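Subject: The structure we talked about

Hi there,

Here is the structure I promised to send over. Please have a look at it first, and then read on for what turned up.

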Amino acid sequence: MLNINPERLQTTAHEAFNRAQGSCRWQSAITRALQLLRDSVYWHPTADGALLILSPDSSEIYEASGQRCDRIDGERRVACKAFAQNQPCKHRAAWKLLQRYNEDRGQ
């Protein structure tokens, strides 16, 4: 897990929420992603740029990126329910928040 400044993460989420005006689904996913990053005992960026995250609600592990979101089920990958329905999900929103957080950090 990375060392994250909670106030800066909150600011990043607030900015993302505002940029998502007009998309209630993305705004909801951003709100849930912020809570997920706060509550999850495990999340970790991978070497290929994806995000592994343990869902505190279900104890399932998800791998999210800009292109996909899959639940890891042993050796299998199963698309996240929202992603399978072509909808924003909290896992991909969390990945995006961390991307933006790290971009802002570099400025």
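In what follows, two residues are in contact when heavy atoms of theirs lie within 4.5 Å. Please keep in mind that this is a predicted model.

Let me begin with the helices. Helix H1 covers residues 6-19 and helix H2 covers residues 24-39. Their axes come within 9 Å and cross at roughly 170°. Angles over 145 degrees count as roughly antiparallel, and H1 and H2 are therefore roughly antiparallel to each other. On the H1 side, the contact is made by Leu 9, Gln 10, Ala 13, Ala 16 and Phe 17. Facing them from H2 are Gln 27, Ile 30, Thr 31, Leu 34, Leu 37 and Arg 38.

How many strands does it have, and in what order do they come? There are 5 strands in an open sheet, ordered E1-E2-E3-E4-E5, with antiparallel pairing. Strand E1 (43-45) and strand E5 (76-79) are the edge strands, each pairing on one side only. From one strand to the next, the twist averages 25°.

Going through the pairs one at a time:

- E2 (residues 51-54) and E3 (residues 61-64) run antiparallel and are joined by 4 bridges. Leu 54 has Ile 61 in E3 as its bridge partner. The hairpin of E2 and E3 has 6 residues between the strands, and Ser 59 takes a positive phi near 60° there.
- E3 also pairs with E4 (residues 69-73), again in the antiparallel sense and over 4 bridges. Here the bridge partner of Ala 64 is Cys 69 in E4. These two strands form a hairpin with 4 residues between them.
- E4 and E5 run antiparallel too, joined by 4 bridges. Arg 71 stands opposite Val 78 in E5.

Last, the rings. Which residue has its charged end over the ring of Tyr 101? That is Arg 8, whose charged end sits 3.9 Å from the centre of the ring.

Best wishes

Definitions and conventions:
Residues are numbered from 1 along each chain as its sequence is written. This is a predicted model: local features need pLDDT of at least 70, side-chain atom pairs count only at pLDDT 80 or more; totals for chains, interfaces and linings use all residues. Side-chain values use heavy atoms; hydrogens and water are left out. Two strands pair if DSSP finds at least two bridges between them. A charge sits over a ring if NZ of Lys or CZ of Arg is within 6 Å of the ring centre and within 35 degrees of the ring normal. Axes are lines fitted to C-alpha atoms, for helices over the stretch in contact, and angles run from 0 to 180 degrees between N-to-C directions. Angles under 35 degrees count as roughly parallel, over 145 as roughly antiparallel, 65 to 115 as roughly perpendicular and the rest as oblique.
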